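Please look at the sequence and the model first.

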Amino acid sequence: MTIRWTLALGVALGVAFTGGARAADKVTLQLKWVTQAQFAGYYVAKAKNYYKDADLDVTINPGGPDVAPPQVIAGGGADVIIDWMPSALASREKGVPLVNIAQPFKKSGLQITCRADTGIKKPADLKGKTIGVWFYGNEYPFLSWMSKLGLKTDGSPDGVKMLKQGFNVDPLLQKQAECISTMTYNEYWQVIDGGFKPSQLVVFKYEDEGVATLEDGLYATEAKLKDPAFVAKTAKFVKASMKGWDYARKNPDDAAKIVLAADTTGAQTEKHQKRMMGEIAKLLDTGNGKLDPKDYERTVTTLLTGGSDPVITKKPTGAWTHAVYDAMK
């Protein structure tokens, strides 16, 4: 008994003197899409041990065409998700109480890319044309833009015909549509790789057209944010993630290599990821990821003016918080 007691005392003292063996706080992040440089900051933070240094054990779950982040977090499969604000606010109105806790992306990368040989030179020239549009929440900025231009989206002669676009650029390459949806950091370059020169394309950026909405924000649920311990843990996560984004912006090639190492599918190439990271860097908030209320209000206004199919029917309340940012300080 004496030997056992002595051993137990020794273990207890060892734990006391080493600061204890408390496990790191676990955080599960659900991405909006597959592993790529669009999410480089998080992979960098993990690879560079920024999360570990913050006493965090972070799991990054890739997304895909069959993964809806709002559904994942509603089902308890993630602590934090990455989503575009139109999707997040639509989910909130439908009963999933998502709250924006940080906004690493300041600018939108969404744009419409058209073949120049169609004669399209300005937005008004889109009338009567077929345009590839992503749905599942990504169509709302486009609907707002068409409403702003006074163009119907029902395929009538005085409007445009919307082609439900898959996650590829085939409609443009195969001339099924005069224009398609592209991201500055991804599909646009797929068009270039498909044989087009920049001079053969006309691009309309949503940022330039005044209908840009916020993309790639970090969201948690209202219920979890009521827990001070969760807010403190999430604050460490956001701070470490922004450190990862800062590194990725300053070291795009290295960040691309880190992403490639994390891609278990082997689907990505170094050339594409380096190019993507260079474009992503142009969209990032150079600060600490604190959401600018003006950007939020602009997004809400755009969504409420989506013509006959607005993404939200009323102005949201409680859809964002600076509580996590305040805890970071």
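Which residues of helix 12 are buried? In this predicted model, helix 12 (residues 270–280) has His272, Gln273, Arg275, Met276, Met277, Glu279 and Ile280 buried, where buried means under 20% relative accessible area, exposed over 50% and partly exposed in between (1.4 Å probe, protein chains only). These buried residues pack against helix 2 (40–47), helix 8 (187–193), helix 10 and helix 11 (252–262), a contact being heavy atoms within 4.5 Å. Helices (H or I, at least four residues) and strands (E, at least two) are DSSP runs, numbered from the N terminus.

As the model is predicted, local features need pLDDT of at least 70 and side-chain atom pairs count only at pLDDT 80 or more, while totals for chains, interfaces and linings use all residues. Residues are numbered from 1 along each chain as its sequence is written, and side-chain values use heavy atoms, with hydrogens and water left out.

Five strands form an open sheet in the order 2-1-3-10-4, with mixed pairing; two strands pair if DSSP finds at least two bridges between them. Strand 2 (56–61) and strand 4 (98–102) stand at the edges with a single partner strand each, so one side of each has no neighbour in the sheet. From one strand to the next, the twist averages 35°. Strand 4 pairs with strand 10 in the antiparallel sense over four bridges, and alanine 102 has leucine 218 in strand 10 as its bridge partner.

Axes are lines fitted to C-alpha atoms, for helices over the stretch in contact, and angles run from 0 to 180 degrees between N-to-C directions.

| Helix | Strands | Angle |
|---|---|---|
| Helix 2 | strand 1 (25–30), strand 2, strand 3 (80–83), strand 10 | about 140° with strand 2 |
| Helix 5 (residues 85–93) | strand 3, strand 4, strand 10 | about 145° to strand 4 |

**Threonine 221**

Threonine 221 lies in strand 10 (residues 217–221). Threonine 221 counts as buried because its relative accessibility is 13%. Not counting residues up to four places away in sequence, threonine 221 touches Ile73, Pro97 and Leu98. Threonine 221 and leucine 98 are 123 residues apart in sequence, yet their C-alpha atoms are 4.7 Å apart in space.

**Helix 10**

Helix 10 (residues 228–250) has 23 residues. At its start, a side-chain oxygen of aspartate 227 reaches to within 3.0 Å of the backbone nitrogen of alanine 229.

Conventions
Expected span 1.5 Å × (residues − 1). Polar contact = N/O pair within 3.5 Å; in protein donor to acceptor, adjacent residues only side chain to side chain.
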